[in-house]
Amino acid sequence: MAKRKNFATILLKNGLISADQLEDAQNMASTTGEKLSTCLIRLDYVSAVLVMRALAEEHGVRYVKLSDVEIDPAVVELMPETLAREYVVLPLEEKEGELTIVTSDPEDFETIDKLTFMLRRRIEIALAPRESILEAINRCYGQVVGESADTMLQEFTDTAIDFTETEDDTDSSDEVVDENSAPIVRLTHLLITEAVQLRASDIHIEPFEDRIRVRYRIDGVLVERDSPPRRLLGALLSRIKILAKLDIAERRRTQDGRIKVTVGDKELDLRVSIIPTNHGQSVVMRILDKDNIKIGLRQLGFAEEDFNTFNNIIRRPNGIVLVTGPTGSGKTTSLYAALNELNTPDRKIITAEDPVEYYLAGINQVEIKHSIGLDFAAVIRSMLRQAPNIILVGEMRDLETAQMGIQASLTGHLVFSTLHTNDAPSAITRLADMGVPSYLIASSVIAIMAQRLVRTFCKKCRQPYNPSEASIEAAGFSPAMLEKANFMRGRGCGFCNMKGYRGRLGIYELLKMSSKIRELTFAGAATAAIRQAAVAEGMKTLYYDGLMKVVRGITSIEEVMRVAKISDDE
């Protein structure tokens with residue numbers, strides 16, 4: 001009997017993935033405990049359809065394209081909707097007492113045994129991607145489970161009822177929200193659920209004179225949705241404050257809190273910030289998804305040369321590595337990816353963060369609490385007594401924090417931190433402006449990385465595109481770039497909500513401290529001189545890295561120009 005081929009071998013043999021990509025996915029699977037097939041799909045190395053086809057070949061079962069299949073309603077009725085949704089399976093056909101079900105996991109024998117027992121039938125399996133099964137469940141069983149935020153907002157707008165908070169609202173955040181919960185409880189839950197399903201990173205609830213504006217930040221861009229009536233503001237704020245365990249009566253001061261929420265099978269943290277404005281209190285909820293920080297360095301979007309350089313830098317025994325960029329540019333994700341890479345049993349890692357955004361297994365994380373005097377400088381001082389190998393300082397905000405970080409690096413520790421500057425060379429000037437002596441900057445900093453996030457084209461609807469001569473000239477492409485250019489654009493489809501973009505990737509500027517740049521730093525040279533020397537030594541600017549991603553058909557000229565500017569050195 002011929003030996004059964006593993007699905008990964010099938011993908012490799014057909015040239016659908018490379019050996020390096022398979023190794024990346026295997027490393028991720030061993031770190032996260034997820035299945036290899038899931039990791040390959042999550043890393044975007046191969047589509048779910050191709051993985052399912054290879055799994056079907058490995059297990060000798062059928063692959064089904066559910067969008068092309070009409071399932072007999074009589075067969076659908078053989079499985080209750082609750083079972084289909086709970087196990088993400090779908091009945092396909094029945095022959096002589098044997099029911100064929102569609103699943104995305106051919107090795108989930110426990111579920112197959114349970115269904116055999118509950119349905120009292122022999123079960124055969126066929127394979128399809130999980131997303132296709134969920135779509136088919138919604139199609140076959142009538143509708144998406146539950147109500148939508150749109151229908152609730154319409155209900156509130158059409159009626160004059162004032163839905164103020166009720167006794168139900170004082171429940172804890174662990175409550176189950178169903179159709180019997182108070183309307184405002186359901187609306188809050190639906191807004192959060194909808195934002196998560198749309199892959200939003202933030203929910204903004206802003207009061208104005210005659211309405212409440214609700215916006216989601218999706219792939220870094222704010223998108224407005226239907227507005228709730230103004231009269232709901234008090235109840236909506238109270239509900240959010242109760243979930244975040246904040247003071248409902250406080251309306252004049254800023255407040256910060258956290259909400260733990262479960263959406264589908266995901267447990268999410270929401271970081272809540274409330275500030276008073278002239279029309280009432282404005283709320284921003286940052287959605288923190290642990291899946292976002294499970295990515296490795298390879299998936300951040302580095303060019304090959306920068307990836308190798310950064311990989312070597314973070315393995316240095318001591319020194320400071322600074323990551324710079326504005327809020328929301330992915331600095332935390334990059335630093336956590338580096339820490340995940342270095343997080344082994346033989347290294348002690350301690351972080352000081354304000355606040356701790358994501359909880360990392362195997363890493364000691366300290367939350368800054370200014371109210372009790374637990375600030376960055378105090379934490380770093382105590383950290384050093386814990387004999388760590390690696391320290392992460394959330395942000396170098398002042399001279400004392402910067403000096404403590406530098407002292408830590410000079411006493412044999414590798415220190416990671418962030419700064420808010422526009423580019424990598426500016427970080428040196430910024431530290432000097434804080435009051436850090438130039439000789440300390442020159443001797444302690446080993447690398448500075450500036451970064452931004454650009455939206456990437458939707459993989460389902462991107463297509464070749466020829467930009468105009470004027471836009472090519474304005475962007476400043478070199479003849480060498482244009483020779484190998486593969487310009488694309490997103491047409492817009494249901495998968496990307498007709499935006500043409502789906503997902504984001506980093507563009508980077510990696511400044512490695514060389515002897516020449518140390519000399520300039522020591523002499524207190526201007527940012528422009530440091531930048532010129534760095535570019536002469538091979539540093540790729542943010543804008544150049546962005547153009548290289550445009551040439552490769554990953555993003556657009558407009559996106560790169562939105563987040564990075566052309567410098568005199570381009």
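Modeller: Two strands pair if DSSP finds at least two bridges between them. Keep that in mind for this predicted model.

Colleague: How do you know that β8 and strand β9 pair?

Modeller: The cut-off is at least two bridges. β8 and β9 (residues 266-277) have nine bridges, in the antiparallel sense. Therefore they count as a pair. Gly-257, for one, stands opposite Val-272 in β9.

Colleague: What makes β7 and β8 the edge strands?

Modeller: Six strands form an open sheet, in the order β7-β6-β5-β10-β9-β8, with antiparallel pairing. β7 (221-225) and β8 (255-263) each pair on one side only. The twist from one strand to the next averages 25 degrees.

Colleague: Which helix lies across β5, β6, β7, β8, β9 and β10?

Modeller: That is helix α10 (residues 183-197). α10 runs at about 75 degrees to β8. Helix α11 (residues 233-243) also packs on the sheet. α11 touches β5, β6, β8, β9 and β10, and its direction makes about 45 degrees with that of β10.

Colleague: What are the angle and the axis distance where helix α16 and helix α21 pack?

Modeller: α16 (residues 424-434) and α21 (residues 527-536) pack at about 140 degrees, with axes 9 Å apart. The crossing is right-handed.

Colleague: Why does the contact of α16 with α21 have one charged residue?

Modeller: α16 brings Pro-425, Ser-426, Ile-428 and Thr-429; α21 brings Thr-527, Ile-530 and Arg-531. Arg counts as charged, so Arg-531 is that residue. By class, the contact also has three nonpolar and three polar residues.

Technical notes: Residues numbered from 1 in each chain as written. Predicted model: local features only at pLDDT ≥ 70, side-chain atom pairs only at ≥ 80, totals over all residues. Heavy atoms only, no water. Helix = DSSP H or I, 4+ residues; strand = E, 2+ residues; numbered from the N terminus. Axes fitted to C-alpha atoms, helices over the stretch in contact; angles between N-to-C directions. Contact = heavy atoms within 4.5 Å. Left-handed = near helix turned anticlockwise from the far one by under 90°.
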